[in-house]
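I opened my notebook to look at one helix and a few charged pairs. Here is what I looked up, entry by entry.

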Amino acid sequence: MKVRTVVVTMSPLLADIVLKLLKSGLAIDLVEVLEGREELAQRLADIRPDLVLLGLLETESDACARPLLASLPYARFLVLAPNGQRAWLHEMRPHRLALPSFSRRRLLRILTSRYDTSAHGE
């Protein structure tokens with residue numbers, strides 16, 4: 001299974017780092033990079049991603065993912081602080097998993113457990 005992924009309001013450097021990390025354990029299909037959030041819920045509904053990498057803006061909290069998750073309950077939202085040191089995974093149930101010590105190994109383990117990676121490498 002390829003994980004259809006969209007990057008939203010994240011610096012290119014941080015996005016590159018996170019995508020490289022995820023690609024080491026998941027079959028990531030980067031379908032779009034969005035620099036702004038105008039009509040974001042509708043745009044994401046049109047794209048239908050499995051995973052959204054959402055970069056926080058200035059003083060935002062990870063709560064900005066909640067309304068998006070409500071409109072896209074099938075997607076998972078990995079919200080990242082601008083410096084990449086903190087991350088939160090939002091998924092429907094509703095569920096919020098805080099990752100206070102942003103560890104590459106832990107993030108990869110969490111996300112690979114949520115996607116079928118048996119087709120990785122095809």
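Entry 1, a term I need. I call a residue buried when its relative accessible area is under 20%, exposed when it is over 50%, and partly exposed in between. I also remind myself that this is a predicted model.

D16 has 37% relative accessibility, so I put it down as partly exposed. K20 has 56%, so it counts as exposed. How far apart do D16 and K20 sit in helix α1? They are 4 residues apart, so about one helical turn separates them.

Helix α1 covers residues 12-23, which makes 12 residues. From its first C-alpha to its last I noted 16 Å, close to the 16 Å expected at 1.5 Å a residue. Which residues of α1 are buried? I listed L14, A15, V18, L19, L21 and L22. Looking down the axis of α1, I saw these buried residues fall within an arc of 160 degrees, so they line one face of the helix. On the other side of α1, P12, L13 and K20 are exposed.

Entry 5, pairs across the chain. A friendly reminder to myself: side chains of opposite charge can pair when their charged atoms come close. I found 5 salt bridges in the structure. One of them joins the side chains of R43 and E32, at 2.5 Å from N to O. This pair links distant parts of the chain, with R43 in helix α2 (residues 40-47) and E32 in strand β2, 11 residues apart. R43 is partly exposed at 32% relative accessible area, and E32 is partly exposed at 23%.

R114 forms a salt bridge with E91, their closest N and O atoms being 2.5 Å apart. Here too the pair links distant parts of the chain: R114 lies in helix α4 and E91 in strand β5 (residues 87-91), 23 residues apart. Is E91 buried or exposed? At 5% relative accessibility, E91 counts as buried, whereas R114, at 23%, counts as partly exposed. Salt bridges that share partners join R76, E91 and R114 into one network.

Technical notes: Residues are numbered from 1 along each chain as its sequence is written. This is a predicted model: local features need pLDDT of at least 70, side-chain atom pairs count only at pLDDT 80 or more; totals for chains, interfaces and linings use all residues. Side-chain values use heavy atoms; hydrogens and water are left out. Helices (H or I, at least four residues) and strands (E, at least two) are DSSP runs, numbered from the N terminus. The expected span of a helix is 1.5 Å times one less than its number of residues. Buried means under 20% relative accessible area, exposed over 50%, partly exposed in between (1.4 Å probe, protein chains only). The arc is that of the directions from the helix axis to the C-beta atoms. A salt bridge is a side-chain nitrogen of Lys or Arg within 4 Å of a carboxyl oxygen of Asp or Glu.
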